[in-house]
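Take a moment with the sequence and the model before reading on. A walk through the fold follows.

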Amino acid sequence: MERLPGDPARLGVRTPGRRTLILLRHGQTEWNALGRGQGHCDVPLDDLGHAQAAAVAPYLAKLRPVGIWSSDLSRAADTASDVAAACGLLVTVDERFREFDLGERTGLTMPEFEARFPAEYLAFRQGRYEGVPGSESVTQVSSRFGAALREVVGAIDPGECAVVVAHGTALRVSVAALLGWAGAGA
């Protein structure tokens, strides 16, 4: 089993006046392993994903979070449930923490995506996620996700810690946008 970097006892030390926000990507699903785009499709954790959630939970419990928030999609909600159980907390579910809506790309592997949407695939490989019919833009995801993150930060007091369990790409572009990093979606 992989160990998380750092000493959990050291990680559990709180800094007065500073809020701590832990952002956690859900455990693995079968579609992750196959390279299929999941988006809003509610694909459950596979056995490895459940093991990953169970493995990370005690480490996060050492940080003594006061709240746990999650996407409403089961792969994130189930990961959050393991963390919440280890922390003695309940999960607050918020659909704004969902992954990008991939539109017509949902369920496609990368080779299938490239064959069906060659221009959009090339843009994706360059870090631009828009263009597939029915998909969300970086701006849309960053807006909904960023608003939810700001609410979580506002819900905890200085010196407290919160955990948000969500999805990889939405986490990456939203945090970059929230921090004001240039080219957050590129």
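Start with the whole chain. This is a predicted model. The protein chain has 186 residues, and 43% of them are buried. Its secondary structure comes to eight helices and four strands. Along the sequence these elements follow the pattern α-β-α-α-β-α-β-α-α-α-β-α.

Now turn to strand 4, residues 161-166. How many of its six residues are buried? Six of the six are, so strand 4 is largely enclosed by the rest of the structure. In a regular strand, side chains alternate between the two faces of the sheet. Strand 4 can be read that way: Cys161, Val163 and Val165 point one way, while Ala162, Val164 and Ala166 point the other way. Residues of both sets are buried.

Strand 4 has two pairing partners to look at. With strand 1 it pairs in the parallel sense, over six bridges. There, Leu23 stands opposite Val164. With strand 2 the pairing is also parallel, over four bridges. Here the bridge partner of Ala162 is Gly67.

Next comes helix 7, residues 138-155. Its 18 residues reach 25 Å from the first C-alpha to the last. That is close to the 26 Å expected at 1.5 Å a residue. Which of its residues are buried? They are Val138, Val141, Ser142, Arg144, Phe145, Gly146, Ala148, Leu149 and Val152. An α-helix has 3.6 residues a turn, so residues three or four places apart point the same way. The buried residues of helix 7 pack against strand 1 (20-25), strand 2 (67-70), strand 4 and helix 8 (168-178).

Rolling a probe the size of a water molecule over the atoms shows where empty space is left. The largest pocket holds about 500 Å³ of space. It is lined by 31 residues, and the closest to its centre are Gly37, Glu99, Leu102, Arg105 and Thr169. Helix 2 (30-34), helix 5 (110-116), helix 6 (118-125) and helix 8 each give two or more residues to the lining. Helix 8 gives the most, with three. What kinds of residue make up the lining? Nine are nonpolar, eleven polar and eleven charged.

Arg98 lies in the loop between strand 3 (91-93) and helix 5. Leaving aside residues up to four places away in sequence, Arg98 touches His40, Ser71, Asp72, Leu73, Arg144, Phe145, His167 and Ala170. Two of these contacts, Arg144 and Phe145, are among the buried residues of helix 7. Cys41 is 57 residues from Arg98 along the chain, yet their C-alpha atoms are separated by 10.0 Å.

The other is Arg64, in the loop between helix 3 (47-61) and strand 2. Is Arg64 buried or partly exposed? Its relative accessibility is 44%, so Arg64 counts as partly exposed. Its backbone deserves a look too. Most residues other than glycine have a negative phi. Arg64 has a positive phi of about 55 degrees, although it is not a glycine.

Terms used:
Residues are numbered from 1 along each chain as its sequence is written. This is a predicted model: local features need pLDDT of at least 70, side-chain atom pairs count only at pLDDT 80 or more; totals for chains, interfaces and linings use all residues. Side-chain values use heavy atoms; hydrogens and water are left out. The expected span of a helix is 1.5 Å times one less than its number of residues. Buried means under 20% relative accessible area, exposed over 50%, partly exposed in between (1.4 Å probe, protein chains only). Contact means heavy atoms within 4.5 Å. On a 1 Å grid over the protein atoms alone, a cavity is a set of points where a 1.4 Å probe fits but cannot get out, and a pocket is an open set with protein on both sides within 12 Å along at least five of seven lines; lining residues have an atom within 4 Å of a point. Grid points are joined across faces, edges and corners, and a volume is the space filled by probe spheres set on the points. Ala, Val, Leu, Ile, Met, Phe, Trp, Tyr, Cys and Pro count as nonpolar, Asp, Glu, Lys and Arg as charged, and the others, Gly among them, as polar. Two strands pair if DSSP finds at least two bridges between them.
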